[in-house]
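User: Hi! I would like to learn how to read a protein model together with its ligand. Could you walk me through it?

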Amino acid sequence: MRKIRLQSRGKENLSDRFARELNAEQFAAATAPDGYSLILAGPGSGKTRVITYRTAYLIAKGVPAESILLVTFTRRAARELVSRLEHLVGPEASKVWAGTFHHIGNRIVRRSAEALGLESNFSILDGEDQEEFMRLAMDDAGMFGTGKLAPRPGTLLGLVSYAFNVERPTAEIVLERAPALAPIVETIERAAASYVDRKRKANCLDYDDLLAYWHRLHHELPEAGNAVAKSFRHVLIDETQDTNSIQMNIVERIAADGWGNLTAVGDDAQSIYGFRGANYANILGFLDRHAGANLFRLDLNYRSTPEIVAFTNASIARNSTGFPKDLRSARDSGAKPLVVVAADAAEEAEFVGQQIVEWHEQGVELSRLAVLYRNHHDGVLIQAELVSRGIPYTVRSGMRFFEQAHVKDVLAYLRLMSNPLDETAWRRLLLMLPGIGPAKTAALYAHLSSQEDPLAAAASREAMALVPAKGKGLYAGFVSDLRRIRSCRPETNPAQAMQLVLEGGYPALMKTRYERPENRMADLEQLVLLAGRYDALEKMLADLMLAGDLYGTDALAAAEDNEQVVLSSIHQAKGLEWSRVFVVRLVEDGFPNARALDEEGGEEEERRIFYVAVSRAMDELILTYPNLTSRGRGPIQVTRPSRFLQEVDPELTDQAAIEGSNDLAWTDRVPHP
Ligand code: ATP
Ligand code: MG
């Protein structure tokens, strides 16, 4: 083994620590020479650990932390990585550029705004804002009032975004993925063009734009692009299998124009974001694109027991594409994965609740437990069950904190302070006022956005004249709230600005519009606390708006109580691990998802999702399915267990059936016949 001589913070030499905490292959990968490296290995084999230690190694070797770009899949992952790095190399670690593609794109695009022809105070649009813009753009393109049903704005956004992320023309994607829309493909292109135009005028960027401008910087603006590329001596990416071609193009270009140092880490068999354009050719073709790159393989799984590893290996065996991998467990033997059949979905939920209580009584911390599902709605019954048993939990799927209407309302006030041209923020707030409908809102925005100072113009006589008599009172109150917020220096004091929103006319408006206003007020008070951690409005808004981005939300993670069970979609559980994991609702049609099966490669992608799910478990894995399901008020149907369960040799699991719905204290562990 090569020896490195490095000093760590503590007494212990960093190289001793590396040798103790990494196996030989991990050590070689973490201390690989400069240049291109690919670390390709299955779940739990320490890929994320290696990327952490490699970053520490680089810093200890003298590479400035601020010249290291470390791309992770979620912000939570970035935070965890940085905190582990701090243990290894001390406070320098916080200078590393660590985050998701979108976060880093946001920082770089803002810095390079001038070269890109943007205003640096642009707002970021989340999914709902984007729909709003798209609806207006569809209207521009004459898609409404034609007597024919128009597609949903979300559908068009999905197509436009997919086209962008796979770098293909929108029209082509429409014909391929939504052939029913073929007759209106030209209208769709017009709407897409108007969508771009509207964002531009309102000084707003959506998530894809953050990547698009970053990409443009490196591909069209050599001077500014090179400066950015040169500022990053090393680029490291975790979860490379879920990057799309735009993302890969960006980092490969940075390495090529800069220092030629790129470390990519991933597992092709865990590529599960194909629906967003993730392209696992990025990882499979890495060695072809970079001749002479180092390849590292890790084959010991430190996460899971041999029984779970055996099941995990078997679960992916039917997939034909990808690099072959056969993991061995580094751990002692444990229980086989347990397959539990419940009579119906209610009983399945009861079982999960009961088992959690039992484990808790045995002293297992709730935070070490997770319930994973393919579709968000598969978790709803479980949530109800946990509520009734008083089990605290956190949900990492579906509607997120920052996507809730009241939270977005309050943020809209602040967005106007930062970007007074922000059309979605104006529309959101104006439409809340009685007497002001879509037409008046459009007229007001057209007027305000043409003025030098739109916020001041809101109080002008011209603006007031556009408001109908019955709305004037509340409009005047709204305008004076804006004035008050603006005068408190919101740029440097977002918490104070938010407090002023809550002291103005907003709470009264909220009470008339939404149910459960007390709970919402409590949320907003939490939001003020969160804002208190920021001294720059722009940074806070970017963080919060990006919290809703597709790869999951975690801005509030620090505020999360640790003693709670995690309920999560499998997509959100990537890269994470828990002592005990349930994967629920394993029925045909649900998992594999029936719609996904219609797509080319759909079954293999679903199988990879299953593989990701089962490989999250360290000590115990429980796989459940109900015998009967009903869809809402629809008829009750007999289910078939998921093919992913049936494919695996039953010898690798124990099976249990729940006897009698009223007695749940027992599940029999019946060895398979
Ligand atoms: P995934 O593919 O799911 O992202 P991964 O390959 O990134 O998995 P890690 O999360 O880095 O794997 O590691 C899995 C677990 O094994 C972690 O708890 C990690 O701390 C532990 N681990 C990894 N390598 C070692 C080692 N050499 N000694 C002890 N524990 C290790
Ligand atoms: Mg990992």
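**Reading the model, feature by feature**

Analyst: Happy to. Let us start with one loop residue: glutamate 239 lies in the loop between strand 6 (234–237) and helix 13 (245–257). Keep in mind that this is a predicted model.

User: What is the phi of glutamate 239 near?

Analyst: First the general idea: most residues other than glycine have a negative phi, and most peptide bonds are trans. In this structure, glutamate 239 has a phi near 55°, which is positive although the residue is not glycine.

User: Is glutamate 239 buried or exposed?

Analyst: Glutamate 239 counts as buried because its relative accessibility is 10%, and the cut-off for buried is under 20%.

User: Where is glutamate 167, and what is its phi near?

Analyst: Glutamate 167 sits in the loop between helix 8 (153–165) and helix 9 (170–177). Its phi is also positive, near 55°. Glutamate 167 is partly exposed, because its relative accessible area is 38%.

User: And where is there a cis peptide bond?

Analyst: The cis bond joins phenylalanine 591 and proline 592, with omega at about 10°. Proline 592 belongs to the loop between strand 15 (578–583) and helix 29 (594–597).

User: Which loop holds arginine 585, and what does this residue touch?

Analyst: Arginine 585 is in the loop between strand 15 and helix 29. Leaving out residues up to four places away in sequence, arginine 585 touches Ala345, Glu348, Asp378, Leu381, Phe591, Thr624 and Pro626. Phe591 in that list is the phenylalanine of the cis bond. With a relative accessibility of 12%, arginine 585 counts as buried.

User: Now a strand, please. Where is valine 265, and which residues does it touch?

Analyst: Valine 265 is in strand 7 (residues 262–266), and it is buried, with a relative accessible area of 0%. Beyond residues up to four places away in sequence, valine 265 touches Ile39, Lys47, Ile51, Ile237, Asp238, Glu239, Thr240 and Gln241. Glu239 in that list is the loop residue we began with.

User: How far apart are valine 265 and isoleucine 237 in sequence and in space?

Analyst: They are 28 residues apart in sequence, and their C-alpha atoms are 6.0 Å apart in space.

User: What about methionine 432: where is it, and what does it touch?

Analyst: Methionine 432 is in the loop between helix 20 (423–430) and helix 21 (438–449). It counts as buried because its relative accessibility is 6%. Apart from residues up to four places away in sequence, methionine 432 touches Asp409, Tyr506, Leu509 and Arg513. Its C-alpha lies 9.3 Å from that of aspartate 409, which is 23 residues away in sequence.

User: Let us turn to the ligand. How many residues surround ligand 1, and which are the closest?

Analyst: Ligand 1 is surrounded by 19 residues, the closest being Gln26, Lys47, Thr48, Glu577 and Arg616. By class, this shell has three nonpolar, nine polar and seven charged residues. Helix 3 (residues 47–60) supplies the largest share of the shell, three residues.

User: How far is an oxygen atom of ligand 1 from a polar side-chain atom of arginine 303?

Analyst: That distance is 2.8 Å. An N or O atom in the side chain of lysine 47 is 2.6 Å from a ligand 1 oxygen. Serine 45 contributes a polar backbone atom, 3.2 Å from an oxygen of ligand 1. On its own, ligand 1 has 630 Å² of accessible area, and the protein covers 83% of it.

User: How should I read helices, and which residues of helix 5 are buried?

Analyst: An α-helix has 3.6 residues a turn, so residues three or four places apart point the same way. In helix 5 (residues 101–111), nine of the eleven residues are buried: Phe101, His102, His103, Ile104, Gly105, Asn106, Ile108, Val109 and Arg110. Helix 25 (residues 494–503) is also mostly covered, with seven of its ten residues buried, including Met498 and Leu502.

User: Finally, what does the pLDDT of the protein average?

Analyst: The average is 89, and 92% of the residues score at least 70. Over residues 549–559, though, the pLDDT is below 50, and the model gives this stretch 38 contacts beyond near neighbours in sequence. Residues 661–673 also stay under 50, with 31 contacts beyond four places in sequence.

Notes:
Residues numbered from 1 in each chain as written. Chains lettered and ligands numbered in written order. Predicted model: local features only at pLDDT ≥ 70, side-chain atom pairs only at ≥ 80, totals over all residues. Heavy atoms only, no water. Helix = DSSP H or I, 4+ residues; strand = E, 2+ residues; numbered from the N terminus. Buried < 20%, exposed > 50% of the residue type's maximum accessible area, 1.4 Å probe, protein only. Contact = heavy atoms within 4.5 Å. Near = heavy atom within 4 Å. Polar contact = N/O pair within 3.5 Å; in protein donor to acceptor, adjacent residues only side chain to side chain. Areas by Shrake-Rupley, 256 points an atom, 1.4 Å probe, with all protein chains shown as cover. Nonpolar A, V, L, I, M, F, W, Y, C, P; charged D, E, K, R; others polar. pLDDT = per-residue confidence, 0-100.
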